[in-house]
Amino acid sequence: MSKEELLSRFSSEPDRYYRVSLFDDLGFKRQQCSVCKAYFWALDARERCPNCEPYGFIGNPPTSKRLDYIETWKAVEDFFIKNGHTSVKRYPVVCRWREDLFFTVASIVDFQRVIGGKVVFELPANPLIVPQMCLRFNDIENVGRTGKHYTSFCMIGQHSIADADNGYWKDRCIELDYKMLTDVLGIRKDEIVFVEDVWLGYGAFGYSLEYYVRGLELGNAVFTEFEGNPKDYRIMKERVVDMGAGLERFSWVTMGTPTSYDCTFGPVVKHMINRFGVEYDQDLLGRYFRIVSSSSNRMSIDAIANMLGVDASRIERMIVPLEAIYATADHVRTLTFAVADGALPSNTGGGYNLRVVLRRVLAMLRRLGWSIRLEEVADLHIDYLSSMYPELNEQRESVRTILGVESNRYADAIERMKSVAKRLSGKRLSSDDLIRLYESDGITPDFLKEHGIIDRVPENFYTMLAERHNERPLVEEPKPIMDVSSIEPTRLLFYEDQYMLEFTAKVVRIKMPYVVLDRTAFYARAGGQEPDHGYINEARVVDVIKQGDVVLHKIEDAEISFKEGDTVRCRVDGERRGLIMRHHTATHIINAASRKALGPWVWQHSAFKDEGYARLDITHHSPLSREDVKRIEEYANDIVLADLPIEVTLMDRNLAEQLYGFRIYQGGYVPNKSIRIVKIKDWDIEACGGTHCERSGEVGMVKIIKAERVQDGIVRLEFVAGKAALRYAQMQDEQIASIAGILGSGKDKVVDALARKVEEADDARRRLRLMIRRIADGMANSVVSNAKTVTFGMGESSSSKPDSMIDAIKLYAVYDDMLDEEYHIAVGEKAIEMEPRLMYCALIGKDSKSIRVIVFSGKSASKRFKASIVAKGIASMLGGSAGGDDRFAQGGGQYREVKDALAIVEKVIKGLA
């Protein structure tokens, strides 16, 4: 059933779904729009619904009060608190608690949890109100142009569980919203119109009443009554009031400014208008945006100018820079909230959308020639919003750091982008081409427009980009190994006593090679932690997995000494358990150490814990320096030495979120009503189902053995702890001792000895280069003398042939596993100077592992056989690649025994002839 069909169904029973006591008490009448046929409720008779009317409040606000953005929220919040609501702080814009969303897109999302494929609504107070900042990237092109579109906006969330204590349903909701409009904003009752609609969400839906004033939708009260979908649904046990209203629109309707940006971004917009000397004619802008904001279709400036009877060039001079100011204010606010909440612009996931808007702003500012740092704009936002969102001020430096890093990267890429743009001159570029250029080279259409490559930025380009990364890809569930529907959940002994290594259990099911026990101390693979190994009787357990609530033990042996119903003795490999347990605890320690050393934007991206080592992928904007790694390591070992207690507590998930925030979801959201909280005193708190030490001192030494950037915005740390760290240190000590022996020095002098050897090797290399230069002429003479003449019959006289069709070249090819590239480059270069028809090819063996290819083509030879083409042909035969130009090229491939280098080269050349 489509949304339209569902609306038609609900509207066919208006008394059941849409009539509320307020309508009867005040005389609101149900009417139908003569244009779109929508049903609406109003005090006065109307031909059209507000959706089909132009905005009538710009320049003429219908309110008795004038409230800016912050004042509007304070007034609304005060009203709802007086009417029995709890005001709760906004939730992060980065939606850590929903695996299907990157960002919080509506206030109700704060209180939705998906458990077992069903949506559950959990409110920390009932009823409540929340100023939820939301991020959406489905209208990027319209931001700045229409006066009302945003990538970030505050949704005033009014929420109630109707059937719980203190809850309410339709009548009270609409009564409150009506009083808010009339008493708080000062709107006359005859200005208010309610329009019938429906809402379809994740696993639930309901009917709604949108409320409008003079054509502007201010809010939408959704009455979520059904769970499931329109084809398969049931009435919810606890119905939910989900009223979402736009704070930006509330302020706009009271101020009547030309755009909602003027009152929403207040001092930010004013600062940029004054700084860049942009004309701001409020009367003309009001008339312009009254047309633009009311229209569902984009109109040209010429068309609007004609309607207004104003010169189009004047409007364009004012509108183009103002649109850029409005878009900059919006996009930087979006970035400010996202970075403050732990997100980073990147080329993947939700970070992709952040980088799209960031680079759009930078391209616009560059095109207009405006000099302003994004950090400055962010500061203006934080200064203005701190009274409403004090956490922004706490994250000011983090926001400045990330915006600075991203802006500098864009600036550093300008010359490269110019070079790419120059090669595109004169080419017709499709939308797919522009997307590819953005994703591969970071080049925006605005940049291409600035350099005359395209005439205009395609409609919806940035929205198309954002849509490619709007939702998280769903992880496919592994195929079930066996049917466990009739099996009771396995009792998990490792949660009762994680030091338990021996136990008895009853065999419930056998489906070789898997065995199910009624209880187990074997930890199953989960959360990046590898499983325990050990024995069931004498059968070796080599893997443990969890399917639903049932644990399956994989047996290595083909034959077993037990059957279903038997009681068996089980032993967990204690050394393996201890090593993995220490590595898991060390992961928590290093994660918090990384955040302290690098910045609050650090989050765990993924992790892996095994007995030999562990790795942790963290979010960070740049590769780590040696100093960065050293600081992380020192912080981690300080915590180990402090021997802090580690507490594991089973908590109500909602309570844990309220107490500790969403930082607990470092390893991802936990879809359970109760979650295990692992707390390292005064250092780290996470939701985690793994095995852990009881004190940080049990971890032993922590040593980071590798740090590398594995993708944009993600850095990988590999480390060892406990005995694994000791073994690593012993191995390094043995290696240093071996090197010292080779160098003939003591271990304490190995660095100095190695430095001397390197200096001696560099000196030898310099002398060798000098010697090669001295003998190059003589060797080149020998090469020319020994080169083979290769002819190509053309059947016509030499005088009639173009240079590119010469019928003979001199070819010299050699395989060499003694002399290196420097020798062959020096000799080859001299040889083609002596003989322009010469092609010089050297295949150089490198320790039986690979072959280097060096090709020179003389001035005459290159007219027919370019060095780059020949080198690529040779390298391809060796399973490798090559590059270069007409004269010189080099490459490489896999090692193979070369008996006749000349034959290989001749084969390539004849294939090209």
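**Entry 1: sorting residues**

In these notes, Ala, Val, Leu, Ile, Met, Phe, Trp, Tyr, Cys and Pro count as nonpolar, Asp, Glu, Lys and Arg count as charged, and the others, Gly among them, count as polar. I need this for the second largest pocket, whose lining residues divide into 20 nonpolar, 10 polar and 14 charged. I also note that I am working with a predicted model.

**Entry 2: the second largest pocket**

How much space lies in the second largest pocket? I find about 1,500 Å³. Its lining has 44 residues. Val105, Ala106, Arg136, Phe153 and Met155 lie nearest the centre of this pocket. I then checked which elements give two or more residues to the lining. They are strands S7 (152-161), S8 (192-201), S10 (216-229) and S11 (232-246), together with helix H6 (247-255).

**Entry 3: the whole chain**

I stepped back to look at the chain. I count 28 helices and 32 strands in it. The C-alpha trace spans about 110 × 90 × 55 Å along its principal axes. The chain has 913 residues, and 53% of them count as buried. I also looked at contacts between residues at least 6 apart in sequence. Of these, 67% join residues at least 24 apart.

**Entry 4: the cavity**

How many cavities of 30 Å³ or more does a search of the whole structure find? It finds one. About 40 Å³ of space lies in the largest cavity. I listed its lining: Leu344, Pro345, Arg355, Ile402, Glu406, Arg409, His621, Arg709, Asp712 and Gly713. By type, this lining holds three nonpolar, two polar and five charged residues. Helix H15 (residues 396-412) gives the most to the lining, with three residues.

**Entry 5: the nonpolar cores**

A general point first: in soluble globular proteins, nonpolar side chains tend to be buried together. Here I find 212 residues in the largest nonpolar core. Phe194 and Leu448 have the most contacts inside this core. Helix H11 (residues 312-340) supplies the largest share, 16 residues. A second, separate core has 27 residues, including Ala813, Cys841, Ile851 and Val898.

Setting aside residues up to four places away in sequence, phenylalanine 194 touches Leu22, Phe23, Phe28, Phe40, Trp41, Ile174, Leu209, Glu210 and Tyr211.

**Entry 6: tryptophan 97**

Where is tryptophan 97? I find it in the loop between strand S3 (86-87) and strand S4 (112-115). Is tryptophan 97 buried or exposed? It counts as buried because its relative accessibility is 0%, and the cut-off for buried is under 20%.

I listed what tryptophan 97 touches, not counting residues up to four places away in sequence. Among them are Tyr91, Pro92, Thr104, Val109, Phe662, Tyr665 and Tyr669. I also checked tryptophan 97 against proline 671. They are 574 residues apart along the chain, yet 8.6 Å separates their C-alpha atoms.

**Entry 7: leucine 768**

Leucine 768 sits in helix H25 (residues 750-786). Its relative accessible area is 38%, so leucine 768 is partly exposed. I compared its place with that of glutamate 556, which is 212 residues away along the chain. Their C-alpha atoms are separated by 59 Å.

**Entry 8: histidine 381**

Histidine 381 belongs to helix H13 (residues 374-385). Why does histidine 381 count as buried? It does so because its relative accessibility is 2%, and under 20% is buried. Leaving out residues up to four places away in sequence, I see histidine 381 touch Phe265, Val268, Ala329, Val332 and Arg333.

Helix H26 (residues 821-834) has 14 residues. From first C-alpha to last it reaches 20 Å, close to the 20 Å expected at 1.5 Å a residue. I marked its buried residues: Glu821, Tyr823, His824, Ala826, Val827, Gly828, Ala831 and Ile832. What covers them includes H25, S28, S29 and strand S30 (850-857).

Helix H28 (residues 901-912) has 12 residues. It reaches 17 Å, close to the expected 16 Å. Its buried residues are Ala901, Ile904, Val905, Glu906, Val908 and Ile909. I recalled that an α-helix has 3.6 residues a turn, so residues three or four places apart point the same way. Which elements do the buried residues of H28 pack against? They pack against strands S27 (788-791), S28 (808-816) and S29 (838-846), and against helix H27 (867-877).

Key. Residues are numbered from 1 along each chain as its sequence is written. This is a predicted model: local features need pLDDT of at least 70, side-chain atom pairs count only at pLDDT 80 or more; totals for chains, interfaces and linings use all residues. Side-chain values use heavy atoms; hydrogens and water are left out. Helices (H or I, at least four residues) and strands (E, at least two) are DSSP runs, numbered from the N terminus. The expected span of a helix is 1.5 Å times one less than its number of residues. Buried means under 20% relative accessible area, exposed over 50%, partly exposed in between (1.4 Å probe, protein chains only). Contact means heavy atoms within 4.5 Å. On a 1 Å grid over the protein atoms alone, a cavity is a set of points where a 1.4 Å probe fits but cannot get out, and a pocket is an open set with protein on both sides within 12 Å along at least five of seven lines; lining residues have an atom within 4 Å of a point. Grid points are joined across faces, edges and corners, and a volume is the space filled by probe spheres set on the points. A nonpolar core is a set of buried Ala, Val, Leu, Ile, Met, Phe, Trp, Tyr and Cys residues joined through side-chain atoms within 4.5 Å.
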